[in-house]
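Hi,

Here is the structure I promised to pass on to you. Have a look at it first, and then read my notes below.

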Amino acid sequence: MGGKFFVSRAEMGAYKYLQEIWRKKQSDVLRFLLRLRAWELRNLPRIHRATRPTRPDKARRLGYKAKQGFVIYRTRVRRGGRKRTVAKGIVHGKPKNQGVYMKFTRNLRSVAEERIGKKCGNLRVLTSYWINQDATYKYYEVILVDPAHQAIRNDPRLQWLTKPVHKHRELRGLTSAGKKSRGLQKKGTGTRKLRPSRRSVWKQNNTLSLRRYR
């Protein structure tokens, strides 16, 4: 009891430091890094495989493991919406259809997942994250898993992804980016018409079911 006492200090690991650096995207260090990487990514193919994640802290938080069966792919998606190809911006029709600048319903991250999922048909898309952007493109990294690899099939935490029901989950709005565009990240008020999906709620409300007289 010799009068000594110990104070516990919250120690930060390497991944925590990386996380804090990426939070300050306007800092001199990250602005310089992102500018260099944007130049590098512009000169690479549109879809290419990465040897390791650009943001290891973010990838690990989303489920990435540096083990066999995990793959990282990078892609770029052109920013902005689509302009309707009409002469002088005149749409000959009803006022409902007179918009010239059209905005896509889903987010660009889900588009990136979809493109890589089509390119790598034998892999399963786990999720994705933002890595860079410039005036023309947004760049994303997508985490993919090989469902046929024994290291994945024998892992009880990853076995769910090997089931056939998860084939092309990125095309059906089942990834994080897809659920966000479907409005499923919100709960409570204002979400009555979102679950299980907008289409199923519309169908339920517009289908008349009568008991047959016997």
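S128 sits in strand β5, which covers residues 124–133. (Helices here are DSSP runs of H or I with at least four residues, strands are runs of E with at least two, and both are numbered from the N terminus.) Keep in mind that this is a predicted model, where local features need pLDDT of at least 70, side-chain atom pairs count only at pLDDT 80 or more, and totals for chains, interfaces and linings use all residues. Residues are numbered from 1 along each chain as its sequence is written, and side-chain values use heavy atoms, with hydrogens and water left out.

Is S128 buried or exposed? It's buried, because its relative accessible area is 2%; buried means under 20%, exposed over 50% and partly exposed in between, with a 1.4 Å probe and protein chains only. The side chains of S128 and E113 are joined by a polar contact of 2.5 Å.

K88 isn't a glycine, yet has a positive phi of about 60°. You'll find K88 in the loop between β3 (82–83) and β4 (101–102), and at 81% relative accessibility K88 counts as exposed. H168, also not a glycine, has a positive phi of about 50°. H168 lies in the loop between α5 (150–153) and α6 and is partly exposed, at 30% relative accessibility. Then there's a cis peptide bond from R195 to P196, with omega near 0°; P196 belongs to the loop between α6 (176–181) and α7 (198–205).

What about the whole chain? It has seven helices and six strands, in the order α-α-β-α-β-β-β-α-β-β-α-α-α from the N terminus. The chain is more spread out than a compact globule, because its radius of gyration is 23 Å, well over the 17 Å that the globule rule gives for 214 residues. (The radius is taken over C-alpha atoms, and the rule is 2.2 Å times the number of residues to the power 0.38.) Buried residues make up 34% of the 214.

Cheers

Conventions:
Polar contact = N/O pair within 3.5 Å; in protein donor to acceptor, adjacent residues only side chain to side chain.
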